[in-house]
Amino acid sequence: MTPPMQKRVVFRSWVLPLALLAPQVAVTLIFFIWPSYQALESSLFLEDAFGFSRNFVGMDNFTRLFNDDGYLRSFWTTLVFGLSVTVLSMSMALALAVAANRVIRRATLYRTFLIWPYAVAPALAGVLWFFMMNPSLGIVAYWLEAFFGYDWNHYINGNQALLMVIVAAAWKQISYNFLFFLAGLQSIPKSMIEAAAIDGATPVKRFWTIVFPLLSPTTFFLLVVNLVYAFFDTFAIIHATTNGGPADATSILVYRVYNTGFVGQDYGSSAAQSVVLMAIVIGMTVVQFRFVERKVQY
Amino acid sequence: MTFRIFATASAISALAVSAAVAQDRIEVQFWHAMGGQLGERTEAFASDFNALQNTYEIVPVYQGNYTETMTAAIAAFRAGEQPHIVQVFEVGTATMMAAEENGAIYPVYQLMEDAGLDFDESSYLPAVISYYSDTDGNMLSLPFNSSTPVLWYNATLLDENGLGVPGTWDEVWAAAEVLRDAGVPAPVGFGWQSWTQIENYAAWHDIPMATMENGFAGTTTEFAFNSPEIVNHIQSIADAGQDGLFVYGGRRGDSRGMFVSGETAMWINSSAYYGGFVNDITDFEFSQAPLPLDAAVADAPQNSIIGGATLWVLTGHESEEYQGVAEFMAFLSTAEQQAAWAGATGYVPITTEAYELMGEQGFFDENPGTDTAIEQLSLNQPTPNSRGLRFGNFVQIRDIINEELEAVWSGDKTAQEAMDEAVERGNELLRRFEATNS
């Protein structure tokens, strides 16, 4: 299919378009390209904290990283964490959006309440869950003990700690996903669903054959956003609650970058870790847009 | 109502006046890491000093916890925006000393000399001097808040169960069994685990934590804390955890709440929790006792090592500003200020004069147990094993120790496996520090 004839607007000189582009280019250069270059450069050096000595070490920072079992474990932790947060928050949000879309009375009220957690800062969300699940003070830990006889102590148990930060991170993101899913649901033509209903399709069948495929652009968009969120923006939650522990059970890659660079003042290794993260993001974006997007019906 | 308006108006004008005064003064930036009650006391030092004279204005700025404060100061230094004074915790000492060799630090003994102020290093406690001096015995930073771990105990719970204050680890576990059977949920606990259970355990029993005099003799030091004594100690705590005698409550001071709520009856952590405990604990009697002795390892305790922080002076400012820094530091070191600070917080009075003054004032008699920390620190002349620690990258190494210990408490690793691993990982960071600072 050839595109229809387009009306093309051409600027008379190069000056105006360049001037219009300049701010965006400047922002990109200063805030993205320059720091990325600096990270790339530092990753090849070994440097003391105050910046007096700087020795070129080549790929040494990288080889050290990949010989470090702890760093390799962080990859696995990040994967488990990222996928769990994404799946959990998206499925919960979708369920809530479908439910909220059917509500007729007080719809705005429900929606407002569901959107509310998004206003909570990530660090606060973490601390909130941290208090509720605190083994000695927390209400959730108390219930688990009282009703199920389950001994909750995320100070010792790494799996429990990981579960806690997953729940906190997912909870925080549900509202955001909910908003987009709700908007997506409302844009699906009622007539299609009604037609299917007349043909005798059950609500479940209608959801999986009509609603879910039509939502796929939203789902795809949210998948990207959520993975990026889980990989990078959840730093504050972990920083405020577990500090990557116990042992290194919740030490995701981005937390490790911070810990090595800011706590340990090992800038070379920290920069090498950011370069690895940068490569992962680039890879993830390429995969998503090349392979996943093809299956999406717009 | 009119009174309130009047009060507000006068408060505003008072502010305006003090701001005008402040403009004429020479400003000295003081970055510290003291939050809560300790922060109020720290800021009081600055405001008292500011009220005493009108040439200098000390501006205290709270920069978060110890790690954050140190990181902020280093980042500021790299950007040329460093404060005059920064409070750095004891584990950052090696990093700061390396910076001193590169000229980023104005050594305190030098500063005092240049300012023409009297600075008698021998008036400080030996345990304090030995930790913070260079190889020539010159003090590089000013000790500010120094503490040492002690055994905090819930006297009410011990009394009710007919228990005395334990002096050895065997007695600790025996008492813990009685308490557990009496329904105490977490008889034994501790915080800052690397500091209390490895670093001080080693010093207290006069065994090395690392070679080369725990790093004092050079950066080629290697860790040795996977020795049988320390491994046995860690394993015995893990075993006690299985029996419900010990409950791990998190890193740093996270487990403080368990002692305050009465869940934990014996808690090993800094003596500096004193000030907060006096405010927060109302429904039981508490006190402090010396660290328990492991009778299988030593017949008598050596001495414990200090924790806490010192004030480092960063270079790159005007000499008249450094005069203000020096005078502020002289003010901080006076016996009256030290005694008031130690009495309110539980930190150790760092000069012998201040210690004696507190004794004369009757503080130790009125508050039994409050001299535990200083007694522990000055119990014996420090040996190479108990003088202190000087490891590069120690902040990260402490995190490694935290991680490995947590793997022991959860039962994932034996004490031997974890300590071997911690030593290996720690040594790697020591070598890395050696490579950056040689």
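Predicted model: local features only at pLDDT ≥ 70, side-chain atom pairs only at ≥ 80, totals over all residues.
Chain A is a chain of 298 residues, of which 32% count as buried. Its secondary structure comes to 13 helices and two strands, and its C-alpha trace spans about 75 × 75 × 30 Å along the principal axes. If one takes the contacts in chain A with a separation of 6 or more, residues 24 or more positions apart account for 68% of them.

Helix H5 of chain A, residues 122-133, has 12 residues and reaches 17 Å from its first C-alpha to its last, which is close to the 16 Å expected at 1.5 Å a residue. Within H5(A), the residues A:Pro122, A:Ala125, A:Gly126, A:Trp129 and A:Met133 are buried. These residues lie on the same side of H5(A), because they cover an arc of only 100° around the axis.

In chain B, the reader can follow an open sheet of five strands, which has the order E2-E1-E3-E9-E4 and mixed pairing. Its edge strands are E2 (56-62) and E4 (142-147) of chain B, each of which pairs on one side only. On average, and with direction ignored, neighbouring strands of this sheet are turned by 20° against each other. Strands of a sheet pair through backbone hydrogen bonds, either parallel or antiparallel. Strand E1 (residues 26-32) and strand E3 (residues 85-89) of chain B pair in the parallel sense, over two bridges, and B:Phe30 stands opposite B:Ile85 in E3(B).

Where the two chains meet, 31 residues of chain B are in contact with 24 residues of chain A. On the side of chain B that touches chain A, the elements that give two or more residues are the helices H3 (66-78), H4 (93-101), H12 (256-260), H19 (394-409) and H20 (415-436) of chain B. H19(B) gives the most to this side, with seven residues. By type, the residues of the side of chain B that touches chain A divide into 11 nonpolar, 14 polar and six charged.

B:Ala238 counts as buried because it has 21 C-beta neighbours inside 10 Å, where 20 or more are required. Apart from neighbours within four places in sequence, B:Ala238 is in contact with B:Val408, B:Trp409 and B:Ala415. The C-alpha atoms of B:Ala238 and B:Glu90, which are 148 residues apart along the chain, are separated by 27 Å.

Two further residues deserve a look at their backbone angles. Most residues other than glycine have a negative phi. A:Asn243, however, has a phi near 55°, a positive value in a residue other than glycine, and its place is in the loop between H11 and helix H12 (253-263) of chain A. A:Asn243 is partly exposed, with 19 other C-beta atoms within 10 Å. In chain B, B:Glu213 has a positive phi of about 50° although it is not a glycine, but the place of B:Glu213 is in helix H10, residues 211-214, of chain B. With 17 C-beta neighbours inside 10 Å, B:Glu213 counts as partly exposed.

Terms used. Residues numbered from 1 in each chain as written. Chains lettered and ligands numbered in written order. Helix = DSSP H or I, 4+ residues; strand = E, 2+ residues; numbered from the N terminus. Expected span 1.5 Å × (residues − 1). Buried ≥ 20, exposed ≤ 12 C-beta atoms within 10 Å, placed from the backbone. Arc of directions from axis to C-beta. Pairing = 2+ DSSP bridges. Axes fitted to C-alpha atoms, helices over the stretch in contact; angles between N-to-C directions. Contact = placed C-beta atoms within 7 Å. Nonpolar A, V, L, I, M, F, W, Y, C, P; charged D, E, K, R; others polar.
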